Amino acid sequence: MTEGSLITEVRELSSRASVIDLKGDVTASAEKALADAYTRASGKFTRTIVLNFSGLEYMNSGGIGMLVTLLVRANRQRQRLVAFGLNEHYRQIFELTRLDEAIGIFDTEAEAFAEADAP
Amino acid sequence: MATEPRDAAYWAKNVTTLKLGEVPAEAVNLNVTGRRVVGPVQGFGKMWQKTMRVELTGAEVTPPEVIKTWKAEFQRFWPERNWFYAPLAGIAPGEVALLNLGLPGRMKLSTGVLVLYADDESFTLMTPEGHMLAGWITFSAEARDVVTVVQIQALERTNDPLYELGYALGGNRLNSRFWIQTAENLARHLGVADPQVDSQVVCVDRRRQWSKAGNIGKNAAVRTFVWTLGTPVRWLRRPFTRRSTGDS
């Protein structure tokens, strides 16, 4: 799905975890695309949503705000949010905004999946 | 070779704790130096998203022109009894500004903000520990049809139970009013005769994060109040103590 300049794809890793692949710009205008992707990724038994940022090209403060509201939504469903594929720049932004204290950050999809599939 | 992301120049870099440059003599700096910034994840109270929008009908200004004016004269558009001491370098990523805010009952709150993000069409300020709110606020302008629209959008929680109580007892409404007035003042300055601000306040998360109740130990309002009580003593001691630099 494309909204603004963000393309999202959803993959099921297991019955308990799904990945949302993000490609393009994460800004406030991508809110609907991300919310729709979250709805598709979130099944009855989903306990972890994995965000793949390896296709991230641009993010502003509106995008960070959107991730916070996504986090609230996930917490309400008793789900965890984890992320991988962040380059050094975006990792620093997660640290600066202290979003890394709530969204676990991993280097690779395999590491994120291991965390996601942990009981 | 990896290319630098397009937004790289717009974000603050390498900020762990806040540092202030030269502080104006009339400003009070009690709660900024050495503090970390806090986002909605670190706050205590309910999470609110506040959006104030105003159309600059009749004003022939582009979004970058609006933001340039706003950055340069940020304090000018604030309601009375509130001071924003802009950093010498202006509103630029990584800069820290000092705030002295007027609270009900003639109380003062000395705190600050970090410029988290700034580009030609928006800038975002993030609050430090001890501030009334944990979160950030984005000031932006965009062209919509033939009109430039200004937006103020905050994502915030109160930082601790004391602030949350104050917010429930009218602080929330006062805070919204503060930003509505700011939007009105900016629009008037840019030539809008009768600005109409559209305000939306949404409770994004009704839960209070009780694990963050300990934030109260850094409450800037309490620290400012105690500091104010000590003013006569400091005044009497002044002739006997050497003038010190740094935090005033």
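# Exercises on strands, helices and a chain contact

In strand β6(B), B:Met126 is the bridge partner of B:Leu114. This model is predicted, so local features need pLDDT of at least 70 and side-chain atom pairs count only at pLDDT 80 or more, while totals for chains, interfaces and linings use all residues. Residues are numbered from 1 along each chain as its sequence is written, and chains are lettered from A and ligands numbered from 1 in the order in which they are written. Helices (H or I, at least four residues) and strands (E, at least two) are DSSP runs, numbered from the N terminus.

## Exercise 1: the partners of β6(B)

Task: Work out which way β5(B) runs against β6(B), and over how many bridges the two pair.

Solution. Step one is the criterion: two strands pair if DSSP finds at least two bridges between them. Step two applies it to β5(B) and β6(B), which pair in the antiparallel sense over 4 bridges, and a hairpin of 3 residues joins the one to the other. Step three turns to β7(B), which runs antiparallel to β6(B) and is joined to β6(B) by 5 bridges; here B:Met126 has B:Trp136 as its bridge partner in β7(B). In the hairpin of β6(B) and β7(B), with 4 residues between the strands, B:Gly130 takes a positive phi near 90 degrees.

Task: Decide how many of the residues of β6(B) are buried.

Solution. A residue is buried if 20 or more other C-beta atoms lie within 10 Å of its own, exposed if 12 or fewer, and partly exposed in between, with C-beta atoms placed from the backbone. By that count 7 of the 7 residues of β6(B) are buried, and the strand is mostly covered.

## Exercise 2: the contact of the two chains

Task: State how many residues each chain gives to the contact, and which strands of chain B take part.

Solution. Residues are in contact if their C-beta atoms, placed from the backbone, lie within 7 Å. The contact takes 19 residues from chain A and 23 residues from chain B. On the side of chain B that touches chain A, at least two residues come from each of β5 (108-118), β6 (122-128), β7 (133-144) and β9 (197-205). That side of chain B divides into 14 nonpolar, 5 polar and 4 charged residues, where Ala, Val, Leu, Ile, Met, Phe, Trp, Tyr, Cys and Pro count as nonpolar, Asp, Glu, Lys and Arg as charged, and the others, Gly among them, as polar.

## Exercise 3: two helices of chain A

Task: Describe how α1(A) and α2(A) pack, giving the angle and the distance between their axes.

Solution. Helix α1 (residues 31-41) and helix α2 (residues 61-76) of chain A pack at an angle of about 25 degrees, with their axes 11 Å apart; axes are lines fitted to C-alpha atoms, for helices over the stretch in contact, and angles run from 0 to 180 degrees between N-to-C directions. Angles under 35 degrees count as roughly parallel, over 145 as roughly antiparallel, 65 to 115 as roughly perpendicular and the rest as oblique, and α1(A) and α2(A) are therefore roughly parallel to each other. A:Glu31, A:Leu34 and A:Tyr38 of α1(A) meet A:Met66, A:Leu70 and A:Arg73 of α2(A), a contact with 4 nonpolar, no polar and 2 charged residues.

## Exercise 4: buried or exposed?

Task: Classify B:Thr182 and B:Val202 as buried or exposed.

Solution. B:Thr182, in helix α2 (residues 161-189) of chain B, is buried because 23 other C-beta atoms lie within 10 Å. B:Thr182 touches B:Phe77, B:Trp78 and B:Ile152, not counting residues up to four places away in sequence. B:Val202, found in strand β9 of chain B, is exposed because 11 other C-beta atoms lie within 10 Å. With residues up to four places away in sequence left out, B:Val202 touches B:Trp48 and B:Gln49.

Definitions and conventions
Two residues are in contact if their C-beta atoms, placed from the backbone, lie within 7 Å.
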